[in-house]
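The sequence and structure are shown first.

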Amino acid sequence: MAALTTAIARTFKKNAPIKPHSASRHNAAPLTLINPDSEKPATIGLDYMTYEQLDEFGRELDTVRQRVLDDLGQKDADYIRRVIRLHKGAEVLGRIGVFMPFFWPAFVAGIVLLAVAKILDNMEIGHNVMHGQYDWMNDPMIDGARYEWDNIAPAQDWKHGHNYIHHTYTNIHGMDRDIGYNMFRIDEDQPWYATHRFNLPLAFILMLVFEWGIMYHGVELDQYLHGKITKEDFEGRKKRAFRKIRKQVFKDYIAWPVLGLALVPFVGWWAPLAILGANIAANVIRNVWTFLIIFCGHFPAEVQTFAEEDAQNENRGQWYVRQLLGSANISGHAPFHVMTGNLSYQIEHHLFPDIPARRYPEVAEDVKLLVQKYGLQYNTGRLSKQLGSVIRQLAKLGHKPSDPYKIGNSPESKALRRAKREETARRLQESRAPQLTS
Amino acid sequence: MGIIRKALASKPIASLTSPFTVDHYLEQIHPMLAAENVRARVLEVRRETGAASTVVMRPNGAWKGFLPGQHVQFGVEVNGKRRVRVFSVSSSKAAKKGTFSVSVKAHPDGYVSQFLHQELEPGTIVYLSQAEGEFVLPREVPASLLLVSGGSGITPVMSMLRTLRDTRHTGQVTFLHYARSREDEMFTSELDEIAATTGFRVVRVYTRQPEPAAELAGRFHIDHLKHLGVDPVSTLTFACGPAGLIAGVRDTYAELDARDQLRMEYFKVPSVDLDAADATGMLSFDDSKMEAFNSGATILEQAETAGLKPEFGCRMGVCNTCAIKKNSGAVRHVVSGEVSASTDETIKICVQVPIGDVNVAL
């Protein structure tokens, strides 16, 4: 049957010509960032360069990206497989180590190895593989669409929130849900609410249970309550989250400790509890580490955020500028970069989220040259410096601002929001009116 | 080993290794070690003709065996990239235990078949699927059987023929094969041997360079069957070959009202015209069993036009939400203009335009 239909297809081949760019809006703004009422180009980056220069900047970065893509090959495949081998090795040794609670050095080493394994899986492997960085290898075990990580957050919902929302609408207020994770006031332009007084203690608690925070963030309860996602969508997210929680909790906090019962005759009644404790400790260490790296990637003081109006109708170059100004790097040595999943090259990661992360140090050189050429900002510093900046931000922005427009619940802000709502409603009515009269 | 493998692939073990499978750990010890992932080591690469080779392999314990006529997905890694192609098993089911072979004609544009013919070395580990396909001999082979093949379509039929020979099948088997010439034919000497076995009748038709004393000539025709004394209505028939041959056989059987006796498998070389000014070919959505004329838009847009609702995010090639498997065909990246034509690779459909026939897992 297929052969027949193809024969028909050949006789009637009258189709639109392939135009290199016509088929995608790649060079325009992503769909939802198009301003329906105005063709006015976005204003992002105009402080640094002209609109033509922005176009050129976009092309230059596209060239860098393509150069790396053309060069991908055996060494990149070998690298990720080496990291995977390291991960599996560390995990197996770690699990063996925590089964030796009678010999404390092995026990402690076990906890550390297990934590290292989880960090490697979440950062250099999971995060990067799920960005599709290694899809070109065509190996089903390293496939972005199929990979599931050793983390409470289910891959599917994390990918939606992270790869799509956060990486497309990076640092745009009201669009990027990762600005302060709906919990913290980390940017001047976020409205202040009373809960932000607890910015620092809340951040400390989130740090300890970070994987649960990521999972909860991906369930999008707030989006559902605001009517931004359907009930069906929300229920699906909840279901996937519970399924993943069941699996992860069963593995780390039930199955492995129960296996520890075998040790009871030799060690004592507390052996399963020691294993349970070790697994909790490893998960917490991973939580703390990933929290620190991720908070330092976007929340230091110099990082810029954007208003939706400024980003509407942006071109490729402006999209790149937004990514560049919206991220911060952490400097360090090679093993440090591996443990951060090369997210210490947060800027390069945001410019090129889908090229293998081991290439970020290499493209950073090109990025720095362009930054110099156009006089842009390149935010980088040691972990301690970036972390200090994040902590100061959290502390400072937790205080009630004197400007009433910066307070979410002030009468002034409420009036402003109401005015905005009415304006949208009025426009909607206006656009419908001619149809009604005709 | 069977029990150990079963235990390793069991649910309790999976819950301890979750979210990974036990194979994620086993492959770190040795690439052939796996509970479920089929791998094989290449033992020998044998030249059949100037353009065709047979690859003899020893699969790992995850391999569940094959039925004569089935095919496997065959993956090789070159420069970090796994290339997958579907090849028919050509060996006898009764052959030496623990090995089997596929035979492949190198297609001029076929990366994997070329690689296999030119560069594949013994000792290489290849990535396989389990054997697949419904084009198989029935459990009880009837007393009279007709096998028809054309060109490299001989491979699955050869597996049937060899199996029937090795299991000392007692019925009458007629094998009718069409090749361009004797040089172009695979398994020539073995076919000569089988032709001399009682119960087997092997007739080859060389369409381009017919042999002077040949019984038959030209393309498949009902007269060929009449000459061989085969009655399509009462003879179970297996036919494999290029679409043209299959169409001929199918029409003949349809005319004689003998379609229920016919089992077919054909291969189609998708049209890839990299320089085409117009968008050509068909875009096939494999999972939803739909086809559409290629309009030249991105695969995502064409899928939406066809009424499908593929997942998508940024629509600019950043977020990877829309990444799916492309089963076959060539696509062009709308930004870089890069063309990729590998089989079974993952693509972001929001920035890829089909070139010629493309089949995607949507």
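## Fold and dimensions of chain B

In this predicted model, chain B contains nine helices and 17 strands. Its radius of gyration is 23 Å, close to the 21 Å that the globule rule gives for 362 residues, so chain B is as compact as a globular protein of that length. Along the principal axes, the C-alpha trace of chain B spans about 65 × 55 × 40 Å.

Buried residues account for 45% of the 362 residues of chain B. Among the contacts in chain B with a separation of 6 or more, 65% join residues 24 or more positions apart.

## Domains of chain B

Chain B is assigned domain 1 (37-128), domain 2 (144-267) and domain 3 (282-360). The centres of domain 1 and domain 2 of chain B, taken over C-alpha atoms, are 24 Å apart. To the contact between them, domain 1 of chain B gives 15 residues and domain 2 of chain B gives 16. On the domain 1 side of this contact there are four nonpolar, eight polar and three charged residues.

## Fold and confidence of chain A

Chain A has 18 helices and two strands. The radius of gyration of chain A is 25 Å, close to the 22 Å given by the globule rule for 438 residues, so chain A is as compact as a globular protein of that length. A box of roughly 85 × 70 × 50 Å, taken along the principal axes, holds the C-alpha atoms of chain A. Of the 438 residues in chain A, 42% are buried. Residues 24 or more positions apart supply 68% of the contacts in chain A with a separation of 6 or more.

The mean pLDDT of chain A is 89, with 91% of its residues at 70 or more. Over residues 1-31 of chain A, however, pLDDT stays under 50, and the model has 62 contacts beyond four places in sequence for this segment. Where pLDDT is low, the predicted coordinates should not be read in detail.

## Interface between the chains

Contacts between the chains involve 50 residues of chain B and 54 residues of chain A. On the side of chain B, the elements that give two or more residues are helices H2 (11-17), H3 (22-29) and H8 (243-255), together with strands E4 (81-88), E13 (290-293) and E16 (345-348). By class, this side of chain B has 22 nonpolar, 19 polar and nine charged residues.

## Local backbone features

Strand E13 of chain B also takes part in a hairpin with E12(B), with four residues between the two strands. E12(B) (residues 282-285) and E13(B) pair in the antiparallel sense over four bridges, and B:Phe285 stands opposite B:Met290 in E13(B). In the turn, B:Lys289 has a positive phi of about 55 degrees. The loop between H2 and H3 of chain B holds B:Pro19, and the peptide bond from B:Ser18 to B:Pro19 is cis, with omega near 5 degrees.

Positive phi values are also found in two further residues that are not glycine: A:Asn171, at about 60 degrees, and B:Asp257, near 60 degrees. A:Asn171 is in the loop between helix H5 (155-168) and helix H6 (199-208) of chain A, whereas B:Asp257 lies in the loop between H8 and strand E11 (262-267) of chain B. A:Asn171 is buried, with 22 other C-beta atoms within 10 Å; B:Asp257 is exposed, with 10 other C-beta atoms within 10 Å.

Terms used
Residues are numbered from 1 along each chain as its sequence is written. Chains are lettered from A and ligands numbered from 1 in the order in which they are written. This is a predicted model: local features need pLDDT of at least 70, side-chain atom pairs count only at pLDDT 80 or more; totals for chains, interfaces and linings use all residues. Two residues are in contact if their C-beta atoms, placed from the backbone, lie within 7 Å. Ala, Val, Leu, Ile, Met, Phe, Trp, Tyr, Cys and Pro count as nonpolar, Asp, Glu, Lys and Arg as charged, and the others, Gly among them, as polar. Domain bounds come from an automatic or database domain assignment. pLDDT is the predictor's confidence in each residue, from 0 to 100. The radius of gyration is taken over C-alpha atoms; the globule rule is 2.2 Å times the number of residues to the power 0.38. A residue is buried if 20 or more other C-beta atoms lie within 10 Å of its own, exposed if 12 or fewer, and partly exposed in between; C-beta atoms are placed from the backbone. Two strands pair if DSSP finds at least two bridges between them.
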